Amino acid sequence: MDSSNLPVPSVVRHPDGRYVYSDTPTHVVPMPPEQAVPTVIQHIHQAPPDRTVQRLALGSGVGAGAVAAGVYFGPLLVGVLTAIAANLAILALLAAVIAWGVVTIVRSVGGTDGKAAAKRLSHKGR
């Protein structure tokens, strides 16, 4: 390629303020249209967290330690109580299934005495 035929680079300033080197004459360089950057205004509405413990602590003059304890131990207490409730529900279900199994076995194996005992047990529960 013959270097004498190459165009002389020139500096072109774009409308947004950038300077670039261009190999084509400035009258041939297409200028990008003025584009306004749209402003996006986004409002995020979110419910504030429940701050009852903090308000009580600050209202009684206890201070930042009680606020920190309320923030930390509040959700922790909810988690512990939920775990205890789930364990108690499983134990209650297990006790009901075992009682049903015992009554069923006593009825089927015990003959007339077993049926009478199961009948007495079922009437006592009522």
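## Helix α2

The expected span of a helix is 1.5 Å times one less than its number of residues. In this predicted model, helix α2 covers residues 64-109. The helix has 46 residues. From first C-alpha to last, α2 reaches 67 Å, close to the expected 68 Å.

α2 carries a kink of about 30° at phenylalanine 73. The kink comes shortly before proline 75. Beyond the other end, glycine 111 follows α2. The phi of glycine 111 is positive, near 70°.

## Aromatic pair

The structure holds one aromatic pair. Its members are tyrosine 72 and phenylalanine 73, with ring centres 4.9 Å apart. The ring planes meet at 85°, so the pair is edge-to-face; the cut-off for that class is over 60 degrees.

How exposed are the two residues? Tyrosine 72 has a relative accessible area of 54% and is exposed. Phenylalanine 73 stands at 49% and counts as partly exposed. The line between these classes is drawn at 50%. Phenylalanine 73 thus belongs to the aromatic pair and also marks the kink in α2.

Strand β1 spans residues 10-13, and strand β2 spans residues 19-22. The two pair in the antiparallel sense over four bridges. In one of these pairings, serine 10 has serine 22 in β2 as its bridge partner.

Together β1 and β2 form a hairpin. Five residues lie between the strands. Glycine 17 sits in the turn, with a positive phi of about 100°.

Methods
Residues numbered from 1 in each chain as written. Predicted model: local features only at pLDDT ≥ 70, side-chain atom pairs only at ≥ 80, totals over all residues. Heavy atoms only, no water. Pairing = 2+ DSSP bridges. Phe/Tyr/Trp six-rings, centres within 6.5 Å; stacked < 30°, edge-to-face > 60°. Buried < 20%, exposed > 50% of the residue type's maximum accessible area, 1.4 Å probe, protein only. Bend = angle between axes of the 7 residues up to and from the residue.
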